Amino acid sequence: MDLEKHPQQPTAPAEPDVIRASDADRDRIADILREAMAEGRLTAEEHGERVDAVYRAKTVGELEPLVRDLPAPGGAAARPAAAPYAHTPEGTAGPAENLIAVFSSSTRRGRWRVGGRTNAFSLFGSVEIDLTEALFGQRLTVINATAIFGSVEIRVPENISLSGSGTGIFGNFEVVTLESGDPEAPVVVVNGYSVFGSVEAKPKRGKFITDLQDRLRKHLGH
């Protein structure tokens, strides 16, 4: 007896509640929150609570309520679209490391392997990131730093490239630009902002990465 064949039904797209949030999704929502605070739609305390929730969110569905009552750039309602193939800068793909300090402190120092992306958030606290003994597994490292009534302090070796951009609102945002003479040297980019706080990135005097080319090739597996 022949079995009746049925055409295969297309798989329905996953609902936002179960779609895993990407780093690009979180960064997009954080940008909306930052603009809302600058426009006076959110207080610093409200902004801090929501940004903390952004970087703890696991799914797109958890992100949506955080901006539901805010306009997106251009005036449209803010909605975090799922982006399974969201663009990320070369070398920064993969999960981000989150350093969060709320009425506390968070420190990353010593000999540790630096990922392509790090999110540092301080609310009435302090975050310290010391890269002087770190192992760079890629050329480009991006650090997104936010300080609200707190501080984020980043220290790098003197012989890498360092740049960044950000804003200090009744606070300080300072990135000391470095340009390494070695084209294979790691590049650290610091972006973000501070509100009644401080974000500072600069070289640590006397600290150098030795044998830059050999170390970079080793960790890239070439």
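Phe-196 is partly exposed, at 44% relative accessibility. Here buried means under 20% relative accessible area, exposed over 50%, and partly exposed in between (1.4 Å probe, protein chains only). The model is predicted: local features need pLDDT of at least 70, side-chain atom pairs count only at pLDDT 80 or more, and totals for chains, interfaces and linings use all residues. Residues are numbered from 1 along each chain as its sequence is written, and side-chain values use heavy atoms, with hydrogens and water left out.

A search of the whole structure finds four aromatic pairs. Rings of Phe, Tyr and Trp (its six-membered ring) pair if their centres lie within 6.5 Å; planes under 30 degrees apart count as stacked, over 60 as edge-to-face and the rest as tilted. Two of the pairs are given here.

| Pair | Class | Centre to centre | Between planes |
|---|---|---|---|
| Phe-124 and Phe-149 | stacked | 4.9 Å | 5 degrees |
| Phe-170 and Phe-196 | stacked | 5.1 Å | 10 degrees |

Phe-170 sits in the loop between β9 (161-169) and β10 (172-175), and Phe-196 in the loop between β11 (187-195) and β12 (198-203). They are 26 residues apart, so the pair links distant parts of the chain. Strands are DSSP runs (E, at least two residues), numbered from the N terminus. Phe-170 is exposed, at 69% relative accessibility.

Phe-124 lies in the loop between β4 (117-123) and β5 (126-130), and Phe-149 in the loop between β7 (140-148) and β8 (151-156). Their pair therefore ties together parts 25 residues apart in sequence. Phe-124 is partly exposed at 41%. Phe-149 is partly exposed at 35%.

Ring pairs link these residues into a cluster: Phe-103, Phe-124, Phe-149, Phe-170 and Phe-196.

Methods: Helix = DSSP H or I, 4+ residues; strand = E, 2+ residues; numbered from the N terminus.
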